[in-house]
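Colleague: I've got a model open and I'd like to learn how to read it. Could you walk me through it, one feature at a time?

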Amino acid sequence: MKLLVCISKSPDTTSKIAFTEGNSKFDENGVQYIVNPYDEWYALVRALELKEAGGGSVTICTVGSAADDSVIRKALAIGADEAVRIDAEPTDAYYTAMQIAEYAKANEFDLVLTGKETINYNGSQVGGMLAEALDVPFISLASKLEVNGSTATVESEIPGGVQVSEVSIPAVISCAKGMAEQRIPNMRGIMAARTKPLNVVAAADVPSLTSFESYDLPPAKAACKMIDPENMDELVSLLHNEAKVI
Amino acid sequence: MSTLVYINSSNGIGKAALEVVSYAKKLGSDVTVVANGSADEAALAYLGEYGASKVMVDRSVEDPQQITRMVNAAAEATGANTVVFSHDLTAKAVAPRLSVKMKAGLVSGAVAVPEGDKVKVNVFSGKAFGHVKINTDKKIISLLPNSIQPEGGGSACSVEDFASNAGDAAIKVLETKKPEGEIPLPEAELVVSAGRGLKGPENWGMVEELASELGAATACSRPVADIGWRPHHEHVGQTGVAIRPNLYIAAGISGAIQHLAGVNGSKVIVVVNTDSEAPFFKAADYGIVGDAFEVIPRLTEAVKKFKSSN
Ligand SMILES: Cc1cc2nc3c(=O)[nH]c(=O)nc-3n(C[C@H](O)[C@H](O)[C@H](O)COP(=O)(O)OP(=O)(O)OC[C@H]3O[C@@H](n4cnc5c(N)ncnc54)[C@H](O)[C@@H]3O)c2cc1C
Ligand SMILES: Nc1ncnc2c1ncn2[C@@H]1O[C@H](COP(=O)(O)O)[C@@H](O)[C@H]1O
């Protein structure tokens with residue numbers, strides 16, 4: 001089975017979130033990038049498990065600039081066979097998805113896995129867009145995935161529960177918690193990653209449909225009101241009269 | 001000019017549906033709803049009270065590809081230039097598809113009514129806001145639940161059957177598992193949550209009692225779900241469920257940044273922790289430095305007392 005895993009980067013969660021150029025750009029100064037945890041822990045590791053069980057190959061694909069190569073190598077160290085970087089700044093989800101779609105159309109994958117979302121900008125858009133562009137089914141927020149021949153059985157979140165469904169492949173599946181256990185790359189993996197192929201392909205000519213114009217930080221939270229642990233009646237009364245939430 | 005709102009009525013018409021119709025009304029043009037699902041005619045007509053002038057319903061439609069075709073057909077039929085979703089699980093599967101089909105820019109997770117041509121969203125796990133411009137004539141917005149208050153006061157509207165010719169379903173549902181009687185976490189307005197400070201799964205009884213007294217859902221930190229003290233669907237945070245209830249009570253949770261990422265959209269946060277230096281207090285509205293094993297049962301009693309006197 002040929003598997004494609006879409007890998008994005010995200011700022012390390014302890015990064016300070018700040019903006020520059022009149023609040024129009026994310027301030028990357030001092031920011032460490034990691035592989036987006038959903039892409040790494042869930043999508044990539046499940047793809048590797050499927051390959052280990054049934055053979056095939058795992059390709060990872062990133063839309064990004066040369067600065068992202070170090071993040072791509074981190075993902076290769078976990079075990080993917082090869083990487084493809086589509087050489088472009090991912091300006092919005094549509095642009096990103098159309099780039100990946102061009103590549104996926106030319107290379108015919110059985111299954112494309114994405115993470116649930118990037119934690120910086122788009123919020124669960126790329127996978128569905130990719131599926132529509134490839135005209136294949138998309139199952140979002142999958143927590144389990146098994147493949148039997150030409151069908152995949154997927155467990156996914158629904159309001160207040162889970163649904164088990166069956167879909168024919170090729171398909172696009174976005175991966176959430178439950179899919180697999182995090183793998184820590186070992187020394188051998190890290191060494192091997194240095195020599196694995198990282199192919200850079202030129203970007204296709206596609207538009208962006210949206211643009212981030214500016215950012216702002218939420219207003220600072222008022223100081224926390226401390227309550228005597230003996231006096232929970234006071235808390236209840238504050239929640240009722242002041243906060244008006246009960 | 002008109003606005004189209006998509007509603008999945010499979011679980012009835014909930015608050016989120018009223019929010020999106022109210023939101024669409026605030027965009028200033030005529031609002032049509034296109035729905036699938038099983039809600040009856042009266043429930044659908046009720047959307048008129050929140051600003052819909054008409055509801056079109058195709059009950060044969062189920063899977064995301066069919067819904068995409070149905071909404072696209074409805075947008076063509078009504079000439080809508082904006083489509084609004086509630087940013088729920090269905091929207092996450094459908095709105096991106098529709099964006100490609102209509103070639104309409106999508107903003108997902110809007111938290112406010114657009115100012116001029118910009119839509120406000122959460123970015124960086126709720127640590128900042130972004131203002132997004134949609135550069136296409138046709139626009140799609142999905143609204144984060146609990147972002148605006150529904151505004152009723154209108155009158156019921158007409159409901160029409162809509163033959164959307166949405167084609168076949170590609171996804172075959174084999175089984176649906178839903179814990180009975182529990183409040184689904186993403187929809188809960190009140191949430192009681194606990195972490196490793198509770199020492200073991202046997203101590204969750206007091207958390208459940210407080211939750212049931214308040215009519216709240218229960219949640220937990222990630223290590224607690226990882227060790228198997230609590231079910232995985234209760235895990236909130238950056239890698240778990242993101243929630244924004246009116247009230248979030250956290251006991252024995254340190255308030256790591258990855259935990260906060262999933263709960264910092266809560267309107268009011270109450271933190272109970274033995275350690276006055278716990279980072280969670282910085283994000284809290286009300287703080288109690290104390291032992292959860294004493295404070296939680298005491299709070300449950302106080303809630304009981306409050307309810308019986310109100
Ligand atoms: C990439 C990444 C993603 C992550 N995603 C998530 C996520 O989605 N969600 C998440 O929750 N975590 C996540 N984590 C883990 C996170 O960093 C913390 O380790 C975790 O939230 C800590 O859980 P905790 O507060 O329950 O436990 P601890 O950090 O052990 O804190 C226990 C707290 O309980 C207090 N306490 C002890 N006894 C009592 C008592 N009797 N009464 C009251 N208080 C008491 C202690 O003072 C302490 O503050 C993630 C980590 C990483 C690296
Ligand atoms: N620049 C990118 N390159 C490759 N894959 C991406 C990129 N951005 C997003 N993705 C994939 O799409 C998923 C959903 O992203 P998003 O729509 O941004 O929330 C991510 O988890 C990744 O798997």
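This is a predicted model: local features need pLDDT of at least 70, side-chain atom pairs count only at pLDDT 80 or more; totals for chains, interfaces and linings use all residues.

Colleague: Which residues touch the most other members of the largest nonpolar core?

Modeller: That core has 82 residues, and Leu44(A), Ile60(A), Leu111(A), Leu145(A), Ile173(A) and Leu47(B) are the ones touching the most other members. Helix 1 of chain A, residues 37–54, supplies the largest share, with 9 residues. Another core, of 52 residues, lies apart from it, and its members include Cys61(A), Ile100(A), Tyr6(B) and Val71(B).

Colleague: Now take Thr114(A): is it buried or exposed?

Modeller: The cut-off for buried is under 20% relative accessible area. Thr114(A) has 5%, so it counts as buried. You'll find Thr114(A) in strand 8 of chain A, residues 111–115. Again leaving out neighbours within four places in sequence, its contacts are Cys6(A), Ala43(A), Gly127(A), Val172(A), Ile173(A), Ser174(A) and Cys175(A).

Colleague: And why does Ile190(A) count as partly exposed?

Modeller: Partly exposed is the class between buried, under 20%, and exposed, over 50%. Ile190(A) has 33% relative accessibility, so it goes in that class. Ile190(A) belongs to helix 5 of chain A, residues 187–195. Together with Met187(A) and Met191(A), Ile190(A) forms a nonpolar surface patch with about 290 Å² of accessible area.

Colleague: What about strands? How do I read one in its sheet?

Modeller: Here's the general idea: in a regular strand, side chains alternate between the two faces of the sheet. Then look at cover and pairing. Strand 7 of chain B, residues 128–134, is mostly covered, with 6 of its 7 residues buried.

Colleague: Which strand of chain A is joined to strand 7 of chain B?

Modeller: Strand 14 of chain A, residues 210–216, runs antiparallel to strand 7 of chain B, and 6 bridges join them.

Colleague: How many bridges pair strand 6 of chain B with strand 7 of chain B?

Modeller: There are 6, in the antiparallel sense, and strand 6 covers residues 118–123. Val119(B), for instance, stands opposite Val132(B). Strands 6 and 7 of chain B form a hairpin with 4 residues between them.

Note on methods:
Residues are numbered from 1 along each chain as its sequence is written. Chains are lettered from A and ligands numbered from 1 in the order in which they are written. Side-chain values use heavy atoms; hydrogens and water are left out. A nonpolar core is a set of buried Ala, Val, Leu, Ile, Met, Phe, Trp, Tyr and Cys residues joined through side-chain atoms within 4.5 Å. Buried means under 20% relative accessible area, exposed over 50%, partly exposed in between (1.4 Å probe, protein chains only). Helices (H or I, at least four residues) and strands (E, at least two) are DSSP runs, numbered from the N terminus. Patches are made of residues with over 30% relative accessible area and no salt bridge: like charges are joined within 9 Å, nonpolar side chains (Val, Leu, Ile, Met, Phe, Trp, Tyr) within 5 Å. Accessible areas come from the Shrake-Rupley method with a 1.4 Å probe; for residues, only the protein chains shown count as cover. A salt bridge is a side-chain nitrogen of Lys or Arg within 4 Å of a carboxyl oxygen of Asp or Glu. Contact means heavy atoms within 4.5 Å. Two strands pair if DSSP finds at least two bridges between them.
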